[in-house]
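Me: Please go through the salt bridges of this model with me, one question at a time.

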Amino acid sequence: MRGVMAYRSLCSLSRSLLQRGVSTDELLNGLRELRVDFILLAGYLKLIPVELVQAYPKSILNIHPSLLPAFGGKGYYGLKVHKAVIASGARYSGPTVHFVDEHYDTGRTLAQRVVPVQANDTPEQLATRVLHEEHQVYVEAVTALCEDRIVWREDGIPLIRSQTNPDE
């Protein structure tokens, strides 16, 4: 129930802040007031302010419709991604769940799903199949984040521990 209440409070806060504009400090204060632990984005296309990234290290997720680092970065969104994948002759695509850093699509990869590119795919057909996998992998990644099943290797790579066997 706390999550639902926090979500409603955050939505209310977001509406009021968006109506009048918001500074990064105001946003951070609002998030702290609501005791927000994680920020979950869904294909968010703007850079997140450095102050927000620093205040929420390893706590901001986004999803991108390609196997990053390929076909990521500024300008790669929506059908543009799928057109570029097909034009390149890539055999595989798929969504990437990644932690957000100060740049476009360069945060550490948390999870990916592979989607084959068919010989006669249109960007729309590929996008439909990738979106289906996005819905699956994002839920799995967010669940792992909320269940504290993400471990970080010494080299900074995040890994998701298994639900059934936490040692894996």
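This is a predicted model: local features need pLDDT of at least 70, side-chain atom pairs count only at pLDDT 80 or more; totals for chains, interfaces and linings use all residues.

Me: How many salt bridges does the structure hold?
Reply: A pair counts when a side-chain nitrogen of Lys or Arg is within 4 Å of a carboxyl oxygen of Asp or Glu. In this structure the number of salt bridges is 5.

Me: How many residues apart in sequence are the parts tied together by Glu 133 and Arg 113?
Reply: The side chains of Glu 133 and Arg 113 meet in a salt bridge, N to O, at 2.8 Å. Glu 133 lies in helix H5 (residues 123-146), while Arg 113 is in the loop between strand E5 (109-112) and strand E6 (115-116), so the parts that the pair ties together are apart in sequence by 20 residues.

Me: Is Glu 133 buried or exposed?
Reply: Buried means under 20% relative accessible area. Glu 133 has a relative accessible area of 19%, so Glu 133 is buried.

Me: Which residues are linked with Arg 113 in a network of salt bridges?
Reply: Arg 113 also forms a salt bridge with Glu 140, at 2.6 Å, N to O. That pair links distant parts of the chain, the loop between E5 and E6 and helix H5, 27 residues apart. In the network, Arg 113 is linked with Glu 133 and Glu 140.

Me: What is the relative accessible area of Asp 155, the partner of Arg 153?
Reply: Arg 153 and Asp 155 form a salt bridge, with their closest N and O atoms 2.6 Å apart. Arg 153 is partly exposed at 40% relative accessibility. Asp 155 also counts as partly exposed, and its relative accessible area is 43%.

Methods: Residues are numbered from 1 along each chain as its sequence is written. Side-chain values use heavy atoms; hydrogens and water are left out. Helices (H or I, at least four residues) and strands (E, at least two) are DSSP runs, numbered from the N terminus. Buried means under 20% relative accessible area, exposed over 50%, partly exposed in between (1.4 Å probe, protein chains only).
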